[in-house]
Every structure is written in structure tokens, then in C-alpha cells.
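Please look at the sequence and the 3D structure shown below, and keep both in view while reading this report.

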Amino acid sequence: MKRGFYVGRFQPYHNGHQAVLEELARTCDEIIIGVGSAQLSHTTENPYTAGERVLMITRALTSLRCPYYVIPIEDVQRNALWAAHVMSMTPPFDTCYSSNPLVVRLFSEAGITVQSPAMYERDRHSGTEIRRRMLAGEPWESLVPLAVVTVINEIDGVERLRQIARDDQ
């Protein structure tokens with residue numbers, strides 16, 4: 001059985017993440033999705049809670065034809081221990097899928113096979129760009145699955161982001 005691990009902050013979960021996971025579903029028997037920086041929320045870089053991100057992911061993946069697990073993973077402040085920390089929080093996996101240079105390095109050093117999936121329209125499909133559009137009042141909804149739009153609307157996520165981005169002057 002091939003079990004793959006894919007990690008991200010998912011702030012928010014977007015079409016780029018969806019494209020990667022749909023591709024992994026073709027080659028893996030099971031997928032572990034690590035919701036990184038799970039302890040962070042209510043900041044402009046990390047506006048959503050781990051639970052909200054889990055909700056975004058699980059609702060967006062209802063038609064995925066591959067079993068998956070979504071596991072929040074809090075940061076540890078020692079990079080040399082991070083891969084071991086992740087592996088202690090997840091079911092065993094064969095391959096880590098990431099294009100993040102630090103993640104690639106840490107799992108490689110831990111002896112885990114790492115593959116870098118193709119990034120889907122990375123210039124438009126990034127959490128940074130989506131949050132920028134939300135703050136600027138620009139259209140962002142087409143960059144995330146419809147289920148994620150629904151979750152963000154349910155939690156008043158755009159207004160939360162705008163409120164926490166204001167300064168106190």
C-alpha cells in the first residue's frame with residue numbers, strides 16, 4: 001500500500017491544493033494531509049483556525065476517490081526535530097509530497113522519499129494572493145473550490161481577515 005503525505009498551511013485551501021491532491025489520488029492508495037502551523041489563527045498570514053481549515057479540506061474533497069486523513073500538526077520550534085514530530089502525529093507514509101524547500105530538506109534528511117508535485121498556476125493559486133484579494137475587495141472565489149467559499153462565508157472569514165488587518169489608528 002502506498003501512503004503519501006502532503007502538508008500545507010491551507011490559509012485558505014485553494015485550487016492549487018485541490019489539483020495536487022487529485023493528482024496524488026491517482027498514484028497513492030491513501031493520503032495523509034497535514035494541516036501545518038495548526039496552532040496559528042487570527043493573523044493576516046494565518047487567519048483561519050486548524051478546525052476551519054480541516055472543514056475546508058474535507059468539504060472540498062468529498063468526491064476524491066482515495067481515502068485520506070486530515071491531521072492538524074502544530075509547529076515545533078526546532079527544524080531538526082520537525083520531520084520526526086510530524087511522523088509521530090501521522091500514520092506511517094512512504095513518500096512526502098512538497099515543493100517547499102525546507103520541507104523537502106527536512107524529510108530527505110529523515111530518510112523519507114520526497115517528490116515535488118507540479119504547482120498549479122502558482123502565481124494565482126497561493127494563499128498569499130487569495131488573502132491579498134480578500135483584503136483589497138477583489139474577486140477571489142474562483143481561486144478556491146466552491147465548498148471553501150461556503151466555509152469562508154459561514155465563518156465570516158473575509159471580514160475576520162479585514163478586521164485583523166486593520167491597524168489601531
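Which residue in S3 is the bridge partner of Ile-31? The partner of Ile-31 in S3 is Tyr-68.

## About the model

This is a predicted model, in which local features need pLDDT of at least 70 and side-chain atom pairs count only at pLDDT 80 or more, while totals for chains, interfaces and linings use all residues. Residues are numbered from 1 along each chain as its sequence is written, and side-chain values use heavy atoms, with hydrogens and water left out.

Helices (H or I, at least four residues) and strands (E, at least two) are DSSP runs, numbered from the N terminus. Strand S2 covers residues 30–35, and six of its six residues are buried, where buried means under 20% relative accessible area with a 1.4 Å probe and protein chains only. In a regular strand, side chains alternate between the two faces of the sheet. In S2, Glu-30, Ile-32 and Gly-34 lie on one side and Ile-31, Ile-33 and Val-35 on the other.

Strands pair if DSSP finds at least two bridges between them. S2 runs parallel to S1 (residues 3–8), with six bridges joining them, and S2 also pairs in the parallel sense with S3 (residues 68–72) over five bridges.

## The nonpolar core

A nonpolar core is a set of buried Ala, Val, Leu, Ile, Met, Phe, Trp, Tyr and Cys residues joined through side-chain atoms within 4.5 Å. The largest has 31 residues, of which Tyr-13 and Ile-31 touch the most other members. A second, separate core of 14 residues includes Phe-5 and Leu-106.

Technical notes. Buried means under 20% relative accessible area, exposed over 50%, partly exposed in between (1.4 Å probe, protein chains only).
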